[in-house]
Amino acid sequence: MSVAKYLEDVGFHKWSRAHFPGNRYDVMTTNIAESINSMFLAEREFPITALFNSINRRFAQKFHERRMMLANTSTICVPSVERKIRENVTIGNTLLAHQISFHTFSIIGHGSVAMVDLNNRSCSCREFDLNKIPCPHAIAAIRIQFRDDYGLRVYDFVSPYYSVWSYKHAYEKLIHPVLSEEFWEFPPELLESKIPCPYVVRKPGRKKRKRAPSVLERGSKKKKNKCSICKRVGHKRTTCSLRARQNEGTSSSVAS
(Lines give C-alpha, C1' and ligand atoms only; values in the text may rest on other atoms or scores of the structure.)
Protein backbone atom coordinates (compact mmCIF):
# COMPACT_ATOMS: atom_id res chain seq x y z
CA MET A 1 0.00 0.00 0.00
CA SER A 2 2.87 2.37 0.73
CA VAL A 3 4.31 1.80 -2.75
CA ALA A 4 0.91 2.44 -4.37
CA LYS A 5 0.50 5.66 -2.38
CA TYR A 6 3.97 6.82 -3.39
CA LEU A 7 3.23 6.20 -7.10
CA GLU A 8 -0.06 8.09 -6.81
CA ASP A 9 1.68 11.02 -5.11
CA VAL A 10 4.27 11.34 -7.87
CA GLY A 11 1.52 11.23 -10.51
CA PHE A 12 2.32 7.79 -11.92
CA HIS A 13 -1.38 6.93 -12.24
CA LYS A 14 -1.81 9.71 -14.79
CA TRP A 15 0.20 7.68 -17.31
CA SER A 16 -1.95 4.55 -17.12
CA ARG A 17 -4.62 3.59 -19.65
CA ALA A 18 -7.40 4.25 -17.17
CA HIS A 19 -6.43 7.91 -16.70
CA PHE A 20 -5.22 8.70 -20.23
CA PRO A 21 -7.57 11.06 -22.11
CA GLY A 22 -8.86 9.49 -25.31
CA ASN A 23 -8.35 6.02 -26.74
CA ARG A 24 -5.08 4.42 -25.77
CA TYR A 25 -4.33 0.78 -26.46
CA ASP A 26 -2.24 -1.68 -24.48
CA VAL A 27 -0.16 -2.88 -27.45
CA MET A 28 3.27 -1.39 -28.12
CA THR A 29 3.78 -0.04 -31.62
CA THR A 30 7.05 -1.96 -32.00
CA ASN A 31 5.33 -5.32 -31.55
CA ILE A 32 4.16 -5.32 -35.19
CA ALA A 33 7.66 -4.75 -36.54
CA GLU A 34 9.09 -7.45 -34.27
CA SER A 35 6.40 -9.92 -35.36
CA ILE A 36 7.15 -9.27 -39.04
CA ASN A 37 10.89 -9.68 -38.43
CA SER A 38 10.32 -13.03 -36.70
CA MET A 39 8.12 -14.22 -39.60
CA PHE A 40 10.83 -13.52 -42.18
CA LEU A 41 13.90 -14.27 -40.11
CA ALA A 42 15.32 -16.71 -42.68
CA GLU A 43 14.02 -14.83 -45.75
CA ARG A 44 15.83 -11.64 -44.71
CA GLU A 45 19.06 -13.21 -45.97
CA PHE A 46 17.58 -13.79 -49.45
CA PRO A 47 18.03 -11.40 -52.40
CA ILE A 48 15.56 -8.52 -52.46
CA THR A 49 13.35 -10.10 -55.16
CA ALA A 50 13.09 -13.41 -53.31
CA LEU A 51 12.35 -11.52 -50.07
CA PHE A 52 9.43 -9.65 -51.64
CA ASN A 53 8.10 -12.85 -53.19
CA SER A 54 8.17 -14.50 -49.75
CA ILE A 55 6.38 -11.52 -48.17
CA ASN A 56 3.75 -11.60 -50.91
CA ARG A 57 3.16 -15.34 -50.55
CA ARG A 58 3.06 -15.28 -46.75
CA PHE A 59 0.61 -12.40 -46.52
CA ALA A 60 -1.63 -13.92 -49.20
CA GLN A 61 -1.74 -17.10 -47.13
CA LYS A 62 -2.50 -15.22 -43.90
CA PHE A 63 -5.27 -13.14 -45.51
CA HIS A 64 -6.88 -16.29 -46.90
CA GLU A 65 -6.74 -18.04 -43.51
CA ARG A 66 -8.30 -15.05 -41.76
CA ARG A 67 -11.07 -14.79 -44.38
CA MET A 68 -11.96 -18.47 -44.05
CA MET A 69 -11.80 -18.38 -40.24
CA LEU A 70 -15.13 -16.52 -39.93
CA ALA A 71 -16.61 -17.36 -43.33
CA ASN A 72 -19.54 -19.31 -41.87
CA THR A 73 -19.95 -17.35 -38.62
CA SER A 74 -23.53 -16.28 -37.88
CA THR A 75 -22.79 -14.12 -34.82
CA ILE A 76 -22.64 -10.33 -34.85
CA CYS A 77 -19.23 -10.01 -33.16
CA VAL A 78 -16.12 -12.13 -33.32
CA PRO A 79 -16.11 -15.22 -31.04
CA SER A 80 -13.81 -13.78 -28.36
CA VAL A 81 -16.03 -10.70 -27.95
CA GLU A 82 -19.16 -12.85 -27.97
CA ARG A 83 -17.77 -14.83 -25.02
CA LYS A 84 -16.95 -11.60 -23.17
CA ILE A 85 -20.47 -10.27 -23.75
CA ARG A 86 -22.04 -13.49 -22.44
CA GLU A 87 -19.88 -13.34 -19.30
CA ASN A 88 -20.82 -9.70 -18.68
CA VAL A 89 -24.53 -10.46 -19.25
CA THR A 90 -24.39 -13.26 -16.68
CA ILE A 91 -22.84 -10.94 -14.09
CA GLY A 92 -24.97 -7.95 -15.07
CA ASN A 93 -28.20 -9.86 -14.47
CA THR A 94 -27.26 -10.12 -10.78
CA LEU A 95 -26.80 -6.35 -10.32
CA LEU A 96 -29.41 -3.84 -9.18
CA ALA A 97 -29.87 -0.76 -11.39
CA HIS A 98 -31.53 2.57 -10.52
CA GLN A 99 -32.29 5.04 -13.29
CA ILE A 100 -31.23 8.58 -12.37
CA SER A 101 -31.93 10.29 -15.70
CA PHE A 102 -32.78 9.12 -19.19
CA HIS A 103 -29.20 7.93 -19.91
CA THR A 104 -27.65 7.82 -16.42
CA PHE A 105 -27.90 4.86 -14.05
CA SER A 106 -26.62 3.89 -10.63
CA ILE A 107 -25.59 0.24 -10.40
CA ILE A 108 -25.34 -1.53 -7.04
CA GLY A 109 -23.99 -5.01 -6.43
CA HIS A 110 -21.08 -7.09 -5.16
CA GLY A 111 -20.27 -4.47 -2.54
CA SER A 112 -19.68 -1.56 -4.94
CA VAL A 113 -21.57 1.25 -6.63
CA ALA A 114 -20.97 2.32 -10.23
CA MET A 115 -22.32 5.13 -12.41
CA VAL A 116 -23.16 4.37 -16.05
CA ASP A 117 -23.82 6.92 -18.79
CA LEU A 118 -25.21 5.15 -21.86
CA ASN A 119 -25.23 8.33 -23.92
CA ASN A 120 -21.46 8.75 -23.55
CA ARG A 121 -20.88 4.99 -23.32
CA SER A 122 -18.90 5.29 -20.12
CA CYS A 123 -18.85 3.70 -16.67
CA SER A 124 -17.08 4.72 -13.48
CA CYS A 125 -15.23 1.39 -13.48
CA ARG A 126 -13.61 2.49 -16.79
CA GLU A 127 -13.94 -0.95 -18.36
CA PHE A 128 -16.71 0.21 -20.71
CA ASP A 129 -14.66 3.27 -21.71
CA LEU A 130 -11.45 1.38 -22.46
CA ASN A 131 -12.58 -1.93 -23.97
CA LYS A 132 -15.57 -0.49 -25.88
CA ILE A 133 -17.58 -3.50 -24.71
CA PRO A 134 -20.47 -3.04 -22.21
CA CYS A 135 -19.24 -4.02 -18.77
CA PRO A 136 -21.58 -5.79 -16.28
CA HIS A 137 -22.67 -2.40 -14.93
CA ALA A 138 -23.54 -1.19 -18.43
CA ILE A 139 -25.37 -4.47 -19.12
CA ALA A 140 -27.56 -3.86 -16.06
CA ALA A 141 -28.29 -0.32 -17.25
CA ILE A 142 -29.16 -1.54 -20.77
CA ARG A 143 -31.49 -4.13 -19.23
CA ILE A 144 -33.43 -1.40 -17.42
CA GLN A 145 -33.40 0.94 -20.41
CA PHE A 146 -34.64 -1.50 -23.08
CA ARG A 147 -36.39 -4.17 -20.96
CA ASP A 148 -37.11 -7.36 -22.94
CA ASP A 149 -35.30 -6.08 -26.04
CA TYR A 150 -31.99 -5.53 -24.29
CA GLY A 151 -30.47 -8.82 -25.56
CA LEU A 152 -30.07 -7.39 -29.06
CA ARG A 153 -29.59 -3.75 -28.04
CA VAL A 154 -26.40 -4.70 -26.22
CA TYR A 155 -24.65 -4.87 -29.60
CA ASP A 156 -25.54 -1.24 -30.28
CA PHE A 157 -23.08 -0.29 -27.53
CA VAL A 158 -20.23 -2.52 -28.76
CA SER A 159 -17.53 -0.94 -30.90
CA PRO A 160 -18.11 -1.70 -34.61
CA TYR A 161 -14.47 -2.79 -34.88
CA TYR A 162 -15.40 -5.97 -32.98
CA SER A 163 -18.02 -7.01 -35.53
CA VAL A 164 -17.61 -9.93 -37.90
CA TRP A 165 -18.26 -7.58 -40.83
CA SER A 166 -15.30 -5.38 -39.85
CA TYR A 167 -13.09 -8.43 -39.45
CA LYS A 168 -14.02 -9.77 -42.89
CA HIS A 169 -13.73 -6.33 -44.45
CA ALA A 170 -10.17 -5.96 -43.11
CA TYR A 171 -9.06 -9.12 -44.94
CA GLU A 172 -11.21 -8.97 -48.06
CA LYS A 173 -8.44 -7.65 -50.30
CA LEU A 174 -6.85 -10.29 -52.53
CA ILE A 175 -3.05 -10.38 -52.73
CA HIS A 176 -2.08 -11.59 -56.19
CA PRO A 177 1.31 -13.16 -56.95
CA VAL A 178 3.95 -11.16 -58.81
CA LEU A 179 4.09 -12.01 -62.51
CA SER A 180 7.24 -12.98 -64.36
CA GLU A 181 9.63 -10.24 -65.41
CA GLU A 182 8.58 -10.38 -69.09
CA PHE A 183 5.11 -9.17 -68.09
CA TRP A 184 6.35 -6.13 -66.18
CA GLU A 185 5.51 -2.67 -67.50
CA PHE A 186 7.75 0.26 -66.59
CA PRO A 187 7.08 3.96 -67.22
CA PRO A 188 9.55 5.51 -69.71
CA GLU A 189 10.74 8.14 -67.22
CA LEU A 190 11.65 5.35 -64.78
CA LEU A 191 13.70 3.46 -67.37
CA GLU A 192 15.69 6.60 -68.25
CA SER A 193 16.43 7.60 -64.65
CA LYS A 194 19.58 6.43 -62.89
CA ILE A 195 19.16 5.48 -59.26
CA PRO A 196 22.45 5.54 -57.31
CA CYS A 197 23.21 2.89 -54.75
CA PRO A 198 22.45 3.90 -51.15
CA TYR A 199 25.43 5.09 -49.14
CA VAL A 200 25.65 2.67 -46.26
CA VAL A 201 28.55 2.36 -43.84
CA ARG A 202 28.65 -1.17 -42.54
CA LYS A 203 29.60 -1.52 -38.91
CA PRO A 204 32.49 -3.83 -38.05
CA GLY A 205 31.74 -7.22 -36.56
CA ARG A 206 29.16 -9.89 -37.17
CA LYS A 207 25.72 -8.76 -38.27
CA LYS A 208 23.02 -8.94 -35.59
CA ARG A 209 20.28 -11.48 -36.28
CA LYS A 210 18.05 -10.92 -33.26
CA ARG A 211 17.14 -7.95 -31.13
CA ALA A 212 18.76 -7.48 -27.75
CA PRO A 213 16.40 -8.39 -24.89
CA SER A 214 15.51 -5.70 -22.39
CA VAL A 215 16.62 -5.66 -18.76
CA LEU A 216 13.26 -6.95 -17.57
CA GLU A 217 13.35 -9.83 -20.05
CA ARG A 218 16.84 -10.82 -18.98
CA GLY A 219 15.86 -10.64 -15.32
CA SER A 220 12.80 -12.87 -15.77
CA LYS A 221 14.96 -15.69 -17.18
CA LYS A 222 17.45 -15.76 -14.33
CA LYS A 223 18.73 -19.27 -13.68
CA LYS A 224 17.81 -20.68 -10.27
CA ASN A 225 20.27 -22.49 -8.04
CA LYS A 226 20.11 -26.28 -8.04
CA CYS A 227 21.50 -28.37 -5.21
CA SER A 228 23.99 -31.06 -6.26
CA ILE A 229 23.09 -33.27 -3.27
CA CYS A 230 19.27 -33.45 -3.20
CA LYS A 231 18.81 -32.18 -6.82
CA ARG A 232 16.20 -29.64 -5.73
CA VAL A 233 15.91 -26.07 -7.02
CA GLY A 234 16.10 -23.02 -4.79
CA HIS A 235 19.24 -23.57 -2.72
CA LYS A 236 22.88 -24.65 -3.01
CA ARG A 237 24.73 -27.62 -1.53
CA THR A 238 26.21 -25.43 1.22
CA THR A 239 22.71 -24.69 2.60
CA CYS A 240 21.16 -28.09 1.90
CA SER A 241 19.26 -29.57 4.85
CA LEU A 242 20.08 -33.11 3.71
CA ARG A 243 23.80 -32.36 3.96
CA ALA A 244 23.30 -30.96 7.46
CA ARG A 245 21.57 -34.16 8.58
CA GLN A 246 24.35 -36.26 7.05
CA ASN A 247 26.97 -34.24 8.93
CA GLU A 248 25.06 -34.67 12.20
CA GLY A 249 24.94 -38.43 11.68
CA THR A 250 28.66 -38.58 10.97
CA SER A 251 29.48 -36.50 14.06
CA SER A 252 27.36 -38.74 16.34
CA SER A 253 28.96 -41.95 14.95
CA VAL A 254 32.47 -40.56 15.54
CA ALA A 255 31.55 -39.51 19.07
CA SER A 256 30.26 -42.95 19.91
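Reader: How far does helix 3 reach from its first C-alpha to its last?
Author: Helix 3 covers residues 48–69, which is 22 residues, helices being DSSP runs (H or I, at least four residues). At 1.5 Å a residue (times one less than the number of residues), 32 Å is expected, and the span is close to this, at 32 Å. The model is predicted, with pLDDT of at least 70 needed for local features and 80 or more for side-chain atom pairs, while totals for chains, interfaces and linings use all residues. Residues are numbered from 1 along each chain, and side-chain values use heavy atoms, without hydrogens and water.

Reader: Which residues of helix 3 are buried?
Author: Buried means under 20% relative accessible area (1.4 Å probe, protein chains only). Their cover includes helix 8 (164–170). The buried residues are Leu-51, Ser-54, Asn-56 and Phe-63.

Reader: Is helix 4 roughly parallel or roughly perpendicular to helix 6?
Author: Helix 4 (residues 79–92) packs against helix 6 (residues 136–146) with axes 8 Å apart and an angle of about 70°. Because of that angle, helix 4 (65 to 115 degrees being the range) is, relative to helix 6, roughly perpendicular.

Reader: Which residues of helix 6 make the contact with helix 4?
Author: Contact means heavy atoms within 4.5 Å. Helix 4 contributes Asn-88, Val-89, Ile-91 and Gly-92. From helix 6 come Pro-136, Ile-139, Ala-140 and Arg-143.

Reader: What is the relative accessible area of Asn-88?
Author: Asn-88 lies in helix 4. Beyond its neighbours within four places in sequence, Asn-88 touches Glu-127, Ile-133, Pro-134, Cys-135, Pro-136 and Ile-139. Asn-88 is buried, with a relative accessible area of 3%.

Key: Axes fitted to C-alpha atoms, helices over the stretch in contact; angles between N-to-C directions. Helix = DSSP H or I, 4+ residues; strand = E, 2+ residues; numbered from the N terminus. Parallel < 35°, antiparallel > 145°, perpendicular 65-115°, else oblique. Buried < 20%, exposed > 50% of the residue type's maximum accessible area, 1.4 Å probe, protein only.
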